[in-house]
Amino acid sequence: MTATHCPYCALQCGMELAPHVGSITVAPRMFPTNNGGLCQKGWTSADLLDHPDRITTPLVRDAKGGPLRPASWEEALARVSAGLLSTQQHHGQQAVGVFGGGGLTNEKAYLLGKFARVALRTPNIDYNGRFCMSSAAAASIRALGMDRGLPFPLADIAHTDAILLIGSNAAATMPPVMQYFDAQLQRGGRLIVVDPRATPTAKKATLHIQLTPGSDIALAHGLLHIALRDGLVDEAFIAGRTSGFAELRRVVGAYWPERVERLTGVPVRQLEQAAHILGEASTAMVLTARGPEQQSKGVDTVLSYINLALALGKAGRPLCGYGCLTGQGNGQGGREHGQKADQLPGYRSLANPAHRAHVARVWGTDPELLPPPGRSAYELLDALGPGGVRALLVFGSNIVVSAPNAGHIRQRLESLDMLVVADMVLSETAAMADVVLPTAQWAEETGTMTNLEGRVLLRQAACRPPEGVRTDTEIIAALAAALGCGDMFPHEPEAIFHELRAASAGGVADYSGITYQRIAAEDGVFWPCPAPDHPGTPRLFFDRFATDDGLARFHAVEHRPAAEEPSAAFPLILTTGRVMAQYQSGAQTRRIAALAKAEPQPFVELHPALAASLGIASGDLVVVASSRGRATLRARLSPDIRMDTVFAPFHWGGAGSINLLTSPALDPISRMPEFKVCAVRVEKLTLPDDSSSVSA
Ligand code: SF4
């Protein structure tokens, strides 16, 4: 029996894996995050270990457009290293890029960042976490001085008096977390959910605010306007613990309730109810997720919600605070240790000379040789091909399904001289590669993850990888050796973690006091943990915020429209998200029979009145189109969505890929694409029914 954690989302539920007649069985484990709960994805996670789609030998393509064929590891790695060297020789070091993932362990994220900066000397590395939490991260740093998803353990949620939960359908995406929200409600607490859809989460709420997608800043300012008008703000907290309120006070003066109702579609009566619930509560939390974050103004949107928490005095004290419900399994740790374009381990900055010097010392290299910050994820992908990045290594990401404007990104991937993908199955992106490297799964290797609370966890190997499969760290170390710096790249996870601890020491995300032994003995350790005898830091900001002067900062942001608003040609708003039985690009979950049965094919959710006006019935095949592309989907009718908005999950590729439509408009600070708002039209498909074109 091996104690470990689920391979999927950022809740990182505790589970036990046990060998069972040639396979592995999953059982839930009592752990402080899930308390013995698992969702269907967790229960079925071991089904992929012996799945027939597993790749167990490297694959190479001899000519563009030709088939992939099996190859030895020696041939595949030689092909990759020769391609990297040739590309850099002819086109410069920056012509090679690396794309990582928010599901990679801390050790992998760290090693991948080091590989890009030390072995390849390229600035061009980023990861798919840019598409998830980057706006919340940037806003938290600006307002609070540091970015850790939650500044408190999940268990605190059950004990706060009021919660404002924005753009999260946690009941579907991470069901075990709802035990804390349920307990809060049972205690008599009040839950306000902001979401354009009446999701299962919203249906639990004391108050559901069904706003127009993209209007969050106006909503947050409207709530603060009412709080100021009705004497609900905490003037003592504002004076003692914050700076910059005068300018914000002036800005929110223009967000009177009737104007905010027009901008958001939320009735004044609901605005006043929400402001009073939050303002009159003794304790309250403000929690965001992808809804407000995945916008071209995601940073300003999150800042507006942080403003509200600060002005009400609901931060920096027990059972209060702003937090982000991180999505990907290691969305938190993945953005702390160097696979992000602008970052070095320990949440250090590539643009800071002192930070470069510290990490270069640990790496045994000259800080002058470390490349500068590189392009963000979408900008990196947009620059693929002649004149830009000509060879790309991909670890832990299915780009062609998960990136916005996916048709364009497919073309950029096709224009590469060499695409190398390390994956466990032939994902849509791996199927395009020149070289595919088969990798181990979560249960076959040890490593650490950092969950949405900032708790560092240990995932322990429960079995060996199949013959012919290598771990990501073995692959990275082998490539480093082929590039002449193998002695700088350990591949054993605990040795990598030991190096990561040194690289992070003294940084914001300081792991130097954390060891595998402590994690196992203490049910995880919260960072920062700067010494072996330090207890870790479950709760942040009680004494001071992490800014230079210890004060939290207000930001006088302004509402602005989405990058793309409905038009005569595209009169509806598309918003995207996840469903319970699938995960991210679906490369794993679409292959698990029970999950595929529960959620077999892509769909679009429409209000029945909208569907009737378009002549669409439940189950019809429809075409959803934006100015960038079109997808063919099944219509699913629901009164739970606004009449001006349609919703589609992004778990499928092919003709059902909703990211063919989504907007590449980027937030100017976080470089987050606007997944949550774009303009579309919906039409009934008049061609002969061909359901196979939209199935997984
Ligand atoms: Fe896994 Fe997340 Fe489900 Fe927990 S909630 S079992 S971590 S997918």
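Keep in mind that the model is predicted.

Let's begin with the helices. Two packed helices are described by the angle between their axes and the distance between the axes. Take helix α3, residues 106–119, and helix α20, residues 493–504: they pack at an angle of about 70 degrees, and their axes are 9 Å apart. Angles of 65 to 115 degrees count as roughly perpendicular, so that is how α3 sits relative to α20. The crossing of the two is left-handed. If you want to find where they touch, look on α3 for Asn-106, Glu-107, Tyr-110, Leu-111 and Lys-114. On the α20 side, the contact is made by Pro-493, Ile-496, Phe-497, Glu-499, Leu-500 and Ala-503. Sorted by class, this contact has 7 nonpolar, 1 polar and 3 charged residues.

Now for the sheet. Strands of a sheet pair through backbone hydrogen bonds, either parallel or antiparallel. Here you have an open sheet of 5 strands with parallel pairing, in the order β10-β9-β8-β12-β13. The edges are β10 (207–209) and β13 (321–324); each has a single partner strand, so one side of each is left without a neighbour in the sheet. On average, neighbouring strands are turned by 15 degrees against each other, ignoring direction.

Strand β9, residues 190–194, runs parallel to β10 and is joined to it by 3 bridges. For Ile-192, the bridge partner in β10 is Leu-207. Packed on the sheet you'll also spot helix α12, residues 268–280, which touches β8 (162–166), β9, β10 and β12 (284–288). The direction of α12 makes about 125 degrees with that of β10.

Notes:
Residues numbered from 1 in each chain as written. Predicted model: local features only at pLDDT ≥ 70, side-chain atom pairs only at ≥ 80, totals over all residues. Heavy atoms only, no water. Axes fitted to C-alpha atoms, helices over the stretch in contact; angles between N-to-C directions. Helix = DSSP H or I, 4+ residues; strand = E, 2+ residues; numbered from the N terminus. Parallel < 35°, antiparallel > 145°, perpendicular 65-115°, else oblique. Left-handed = near helix turned anticlockwise from the far one by under 90°. Contact = heavy atoms within 4.5 Å. Nonpolar A, V, L, I, M, F, W, Y, C, P; charged D, E, K, R; others polar. Pairing = 2+ DSSP bridges.
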